[in-house]
Amino acid sequence: MTQSDYNLLADTAILAGEIMLKSGAEVNRVEDTIQRILEVSNLKHVETVVMGTCIIASISNPDMNAITVSRRVHAETTNLGKIDDVNEVSRKFCSRKISLKEAFHQLKKIEARRRYSNRMHLLASMMVAFLFCILFGGSVRDLLPAILSGTSVYFSEKICSRKRTAAFITSMFSAFILSMIAFLIDAAIPWRIHRDEVITGTLMLLVPGLAITNASRDILMSNYISGAARLLEALILALAVALGTGIALFIMQYII
Amino acid sequence: MSSFIFAFLAIIGFCVVFESPLKCCIPASLIGATGWIVYLALGRENIYVAGFMASVVIAIFSDGCAVWLKVSTTSLFVPGILPIVPGTAIYRAVSYFVKGKYSAAGKNFVDAVMLSGSIALAIVIVDYVFYLIRDQMYRGDRSSVKCKTGDKIDH
């Protein structure tokens, strides 16, 4: 292997790690994947450090210059499919079924790909809002408000991701909008709806389920820094949801 | 039965929101709906125990299925666990707080924290057991993936 091959290997490994970390994989898995890809080089030192928002990987041998790559990772939307796709590619690469260049190109493709269309996402948001509303004790009469508030979450998240706001603001804004819409519809339509159930059902789109899961996994695997960061993330997101809803409730208390 | 079906469909919705792979959607939803039934069945007496047991069930099934389907545990577990994540408790806490009923708000807040804690505890326990099992199973596997020295990566 030449120096440029090693460079490409390091790039591939860090790209794989970046995609996984962005999509919401736990730190242990990201570290493991990068380590496995880099170990294909058979160099003496292969080191990987992954923390909540950064990746550092280094390979070196006594007879060559060390290659160290670091990456600042900005969290994006959760994308569980990408994690599995990257895993698949790294598994194939490590068992020598595909070449290094092929692996790099496949990873590039994965990075750009989206599995479901926007329309599917919108439909899924409506579905989640309505069905959770029913699970929590609502009825079919809540169909309209649930669907509208699910739609509002989809669009407010879309707006916030375009403006690149912080996750805290996104959650708070979405929770605020959805509660306002539920209240307004409750006031506007003639039949009675289960307003609380509509709001909680739609809130399920915003609760930090992934953050709680990842926090416990990271802490279990002794990645305390990332684990603590995720725990804080879960707490902050829950707080944001509570705050957004609370503001809406507070305003509506005076109007209605 | 109807709540099983509704939970199943709701979790399929979540699978799409989280862009989980197509082959995960059905298993994840079945697992999640089973967990929700467990939660409902036990929830009348003690919601913490119910949350814990439901999370254990979901975690065991999703860890098992993850090995079988060759996907990450997360993509099965996260959509499945969401019905149990305490969104309702958070909302109730806020709504009581706004109304000035602080003790009811405090109770719901504690519920939310404890329920999240029991989910985390379930993940930790089940995951660690599966981690040990997998470690035993694949002990030889990892060294065979590593290639011999001097091997070249082909282009």
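Two strands count as paired if DSSP finds at least two bridges between them. With that in hand, let us walk through this predicted model, starting at strand β2 (residues 54-60) of chain A, which is joined to β3(A) by six bridges, the two strands running antiparallel. To see one such position, look for A:Ile55, which stands opposite A:Arg71 in β3(A).

Now step back to the whole sheet. It is open and has three strands in the order β1-β2-β3 (chain A), paired in antiparallel fashion. The edges belong to β1 (45-51) and β3 (67-72) of chain A; each has a single partner strand, so one side of each lacks a neighbour in the sheet. From one strand to the next, the twist averages 5 degrees. Helix α2 (residues 27-39) of chain A packs on this sheet, where it touches β1 and β2 of chain A. The direction of α2 makes about 160 degrees with that of β1(A).

Our next stop is helix α4 (residues 100-112) of chain A. Its 13 residues reach 19 Å from the first C-alpha to the last, close to the 18 Å expected at 1.5 Å a residue. Which residues of α4(A) are buried? They are A:Leu100, A:Ala103, A:Phe104, A:Leu107 and A:Ile110. These residues lie on the same side of α4(A) because they cover an arc of only 120 degrees around the axis. In general, an α-helix has 3.6 residues a turn, so residues three or four places apart point the same way. The buried residues of α4(A) pack against α1 (3-23) and α3 (80-94) of chain A. On the other side of α4(A), you will find A:His105, A:Lys109 and A:Ala112 exposed.

Methods:
Residues numbered from 1 in each chain as written. Chains lettered and ligands numbered in written order. Predicted model: local features only at pLDDT ≥ 70, side-chain atom pairs only at ≥ 80, totals over all residues. Heavy atoms only, no water. Helix = DSSP H or I, 4+ residues; strand = E, 2+ residues; numbered from the N terminus. Expected span 1.5 Å × (residues − 1). Buried < 20%, exposed > 50% of the residue type's maximum accessible area, 1.4 Å probe, protein only. Arc of directions from axis to C-beta. Contact = heavy atoms within 4.5 Å. Axes fitted to C-alpha atoms, helices over the stretch in contact; angles between N-to-C directions.
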